[in-house]
Amino acid sequence: IQGQFETVNIYYDGSSKQIGGFDLLIAYDQTALTVGEVRPGSIFTNCGWEYFTYRFGADGNCNSGCPSGILRIIGIAETNNGGYHPTCFLTNSIGDLAQIDFLVTNDRTLECQYAPVEFFWMDCGDNTLSSVLGDTLWMSRDIYSFEYANITNNNYGFPGFYGAHEDCMIGGGEPGKMPIRCVDFTNGGVDIVCADSIDAVGDINLNEVAYEIADAVLYSNYFVYGLSVFTVNIEGQIAASDVNKDGIALSVADLVYLIRVIVGDAPQYPKPVAGYTPTAEFALQSGMLSVVETTEKIGAISFLIEGDVKPELTESSKHMDLRYNFDGENTRAIVFALNGQSYLSEGEVLKLNSVKEIKEISVGSYDGLMMTAKLENLPDRFELYQNYPNPFNPTTTIRFSLPVKGEYELVIYNVLGQTVESHKENSDAGYIEFEWDASKYASGVYFYRLRAGSFSDTKKMVLLK
């Protein structure tokens, strides 16, 4: 499904040989697939192999012959790093050597397409397996397409999808030590689902009636309880959630737009706004979350908050609806308007008196656009912190907090009380860092003092050259 991850396994179908390592080169189309994570497979970890790595990009001169995406995966049973020695070398093993998580593109022109993931050869060392002693190299025999057609062509050359070239089998090796052709490779890929086959946009509960109040209630439940609320067909319900057709499923912008469609305040498909991403800036200070600045009216905000928190609407947000739930670790909360006609602008939004950390925040505009959210945790008191490093040579960082916008003065003194340097500025509320370069001063003890409003504090630091 577009916009979701799909795992592609590199499957090892067994051999009577003992395998000591592998070097695989995988090609894929970057316009359709993006690699998210590469992990050792089950038979790799079950055997306790010691070395697994991967990297992206071509390492040869392909010119125009290179695929847009290339991934190299290497595994070795044992490395020279101590007393542990694996005793399992995949003899007659069947299972995954590696697992690749691909993010499937949201580009709707690619829906219903097949995105190949194929073995690729740049030189004789690609897609080879080694014996435990490293004295024998096993390489490609037959290559099969994902439809199981034999596409082997040992005279094609490099780079190519058709196996190791015949030149890899001649010259340079002693009798009995030549590479051996005995490994068959079968390609695979990812079928990108046709969206119309699994969803009708706006029909979140999949009852074949789109844009009904039940869809809005179910969708709002998702932001409070998570994916567990989707019980009919989770993948179909996720696909149906892209109500504003921006390619991003399960967003608060979709919920805002769904409600507006239900109440008759918006058409079923919004007009796209090319190249425009609205933004909203938030500040959290002394347990109060506020909208500092926004480029659009805000239709909904969802949160993932650490711990068990009981949020409350403020005077300026009481016209909105609030729902939240604690899942045993985090509190999920959503501020939205079930009437589809209310919104938020600048001002205080939520009281979060016991909040530790807001882990995630997502914002949807009143017009159903996904907004970029920026959250700043502001200090609730003036404080001057100890410099670091301390002792230092020749630079150190002085950090302090300002709970309100205003003027501050930072003064550095020597042990005689003489002013060495002085800095006076106006600043917004926040955490301020000042780097002091003492390269032109002598070793010794120095003091630094912060004055801001009625606040004043002094600390000691040591320059040691």
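1. Cys124 is partly exposed, with a relative accessible area of 28%. Its partner in a disulfide is Cys168, at an S to S distance of 1.9 Å. The model is a predicted one.

2. The torsion about the S-S bond of Cys124 and Cys168 is about -85°, so this disulfide is left-handed. The bond links distant parts of the chain, 44 residues apart: Cys124 sits in the loop between strand 7 and strand 8 (128–131), and Cys168 in the loop between strand 9 (137–144) and strand 10 (180–186).

3. Cys182 takes part in no disulfide; the nearest cysteine sulfur belongs to Cys168 and is 14 Å away. Because a disulfide requires sulfur atoms within 2.5 Å, that distance of 14 Å excludes the pair. Cys182 is partly exposed, at 33% relative accessibility.

4. A search of the whole structure finds three disulfides. One of them joins Cys47 to Cys88, with an S to S distance of 1.8 Å. These cysteines are 41 residues apart, Cys47 lying in the loop between helix 1 (42–46) and strand 4 (51–56) and Cys88 in the loop between strand 5 (69–76) and strand 6 (95–104). Cys47 is buried at 9% relative accessible area, whereas Cys88 is partly exposed at 26%.

5. Cys112 and Cys194 also form a disulfide, with their sulfur atoms 2.1 Å apart. Cys112 is in the loop between strand 6 and strand 7 (114–119) and Cys194 in the loop between strand 11 (188–191) and helix 2 (195–198), so the bond ties together parts 82 residues apart in sequence. Cys112 is partly exposed at 40% relative accessibility, and Cys194 is partly exposed at 28%.

Key:
Residues are numbered from 1 along each chain as its sequence is written. This is a predicted model: local features need pLDDT of at least 70, side-chain atom pairs count only at pLDDT 80 or more; totals for chains, interfaces and linings use all residues. Side-chain values use heavy atoms; hydrogens and water are left out. Helices (H or I, at least four residues) and strands (E, at least two) are DSSP runs, numbered from the N terminus. Buried means under 20% relative accessible area, exposed over 50%, partly exposed in between (1.4 Å probe, protein chains only).
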